[in-house]
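Hi,

Here is the structure I promised to pass on. My notes on it follow below.

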Amino acid sequence: MSKAAAKKSVSGSAARRRYRIWMMFIVLFMGWAGYTLFGQMQQQKATFEKLTTIESGIEETRSQTEALKREVERLNDPEYISQLATKEQGMVKEGEQQIFSE
């Protein structure tokens, strides 16, 4: 009987050892998975911030493009060019006088 009890004790200790090794493997794997997940979340956040910055820059550029298109359309109008020449350059048509106000 003593051999059977000793055999049970040895197999029980081997089972505990396998259980500890298995648990250590699981803990290490979960630590690695958590570390990887955290790193990917940080990278995703940085990428999202870059994307937001680029999208806002694109929107600003689009609005500037639209403003320039409107300005080009206005510059094709002779009346607008005449107004600009009078206001910005002080030019007047023949027979007109420019009035200065302070």
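Helices (H or I, at least four residues) and strands (E, at least two) are DSSP runs, numbered from the N terminus. This is a predicted model, so local features need pLDDT of at least 70 and side-chain atom pairs pLDDT 80 or more, while totals for chains, interfaces and linings use all residues. Residues are numbered from 1 along each chain as its sequence is written, and side-chain values use heavy atoms, with hydrogens and water left out.

H2 covers residues 78-89, twelve in number. Its first and last C-alpha lie 16 Å apart, close to the expected 16 Å (1.5 Å times one less than the number of residues). Overall, the chain has two helices and zero strands.

Next, the aromatics. Two pairs turn up (ring centres of Phe, Tyr or Trp, its six-membered ring, within 6.5 Å; planes under 30 degrees apart are stacked, over 60 edge-to-face, the rest tilted). Phe29 and Trp32 have ring centres 5.8 Å apart and planes at 40°, so this pair is tilted. Both sit in helix H1 (residues 2-75), three residues apart, about one turn of the helix.

How exposed are they? Phe29 is partly exposed, at 43% relative accessibility. Trp32 is exposed, at 52%. Phe25, also found in H1, is partly exposed at 49%. The cut-offs: buried is under 20% relative accessible area, exposed over 50%, partly exposed in between (1.4 Å probe, protein chains only). Buried residues make up 1% of the 102 in the chain.

Last, the surface. The chain exposes about 10100 Å², with 61% from carbon and sulfur atoms (Shrake-Rupley method, 1.4 Å probe; for residues, only the protein chains shown count as cover).

Best wishes
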